[in-house]
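Hi,

Here is the structure I promised to pass on.

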Amino acid sequence: MQKSLKDSRITVLGTGDIGTCFAKRVRGFEPAAIIGVNRSGKCPDPVYYTREKNVEIFCENLLNYAEGNPLNCVVDKQAGY
């Protein structure tokens, strides 16, 4: 019996350059979810989400942007996350 990454849940330990590159490449296999875990824990949500969660965050940020409010889960390059 062969296993497939399609519709599976994938957890990436470390969301730096290597983890992010891996996550981008593995999306081609159509997993159900890609969850990124990092050491800083500064963002209240995981870095990688299901497609539905990405759409939800985008819509929330679009509304926040239109209302002049801060965006959610913004990368802070100086802090390193």
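I35 sits in strand β2, which covers residues 33-37 (strands are DSSP runs of E with at least two residues, helices are runs of H or I with at least four, and both are numbered from the N terminus). With a relative accessibility of 30%, I35 counts as partly exposed (buried is under 20% relative accessible area, exposed is over 50%, and partly exposed is in between, using a 1.4 Å probe and protein chains only).

A quick word on the model: it is predicted, so local features need pLDDT of at least 70 and side-chain atom pairs count only at pLDDT 80 or more, while totals for chains, interfaces and linings use all residues. Residues are numbered from 1 along each chain as its sequence is written, and side-chain values use heavy atoms, with hydrogens and water left out.

Now for the loop between α1 (17-26) and β2, where you'll find E30. E30 isn't a glycine, yet its phi is positive, at about 55 degrees. Most residues other than glycine have a negative phi. E30 is partly exposed too, with a relative accessible area of 39%.

Zooming out, the chain has two helices and two strands, and from the N terminus they run β-α-β-α. Of the 81 residues in the chain, 20% are buried. Take the contacts (heavy atoms within 4.5 Å) between residues at least 6 apart in sequence: 39% of them join residues at least 24 apart.

Cheers
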